Amino acid sequence: KQWYQRRVRGSDYLFLVGSEEGKIYKCSKHYSSQYLDTYDAHHMAVYAVRWNTFHPRVFASCSADWTVKIWDHHYSEPMFTFDLGNSVGDVVWSPYSATVFGAVTDDGQVHIFDLSQEKYEPVCQQSVVIG
């Protein structure tokens, strides 16, 4: 199993773990024998889980199932789901804006979203040039 782990921002004891089975587990260092919560997050492997720099309750996840999902860790269902049409290898929040994030897909596309401008489509999509 491969696990992807991120701590809750501002917390020394909570963290999230993504699994190859598509689940995300909320865990605590204080309760090492059990999960605090389990999210049935994706249909395939979770490749990344990233906390929003400005909103400690909000995180993004991405997966081989072609989706990026935006979550409030207090709820079991995502707030937003974006189907990018290809396996999503990574997602990251902007360090300067609470509503901007980017994702990269296996077909070499970078997708930039700004939830304050457009909640359903990327504001920019660009092919990555290697060379």
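These legends describe close-up views of a predicted model. Local features need pLDDT of at least 70, side-chain atom pairs count only at pLDDT 80 or more, and totals for chains, interfaces and linings use all residues. Residues are numbered from 1 along each chain as its sequence is written, and side-chain values use heavy atoms, without hydrogens and water.

**View A. An open sheet of 4 strands, ordered 9-10-11-12.** The pairing is antiparallel. Strands 9 (88-93) and 12 (124-127) are the edges, each pairing on one side only. Neighbouring strands are turned by 15 degrees against each other on average, direction ignored. Strands are DSSP runs of E, at least two residues, numbered from the N terminus. Two strands pair if DSSP finds at least two bridges between them. Axes are lines fitted to C-alpha atoms, and angles run from 0 to 180 degrees between N-to-C directions.

**View B. Strand 11 (residues 109-114) beside strand 12.** The two run antiparallel and are joined by 4 bridges. Glutamine 109 has serine 127 of strand 12 as its bridge partner.

**View C. The hairpin of strand 2 and strand 3.** Strand 2 pairs with strand 3 (residues 24-28) in the antiparallel sense, over 5 bridges. Valine 17 stands opposite tyrosine 25 of strand 3. The hairpin has 5 residues between its strands, and glycine 22 takes a positive phi near 95 degrees.

**View D. Strand 2 (residues 14-18), largely enclosed.**

Terms used. Buried < 20%, exposed > 50% of the residue type's maximum accessible area, 1.4 Å probe, protein only.
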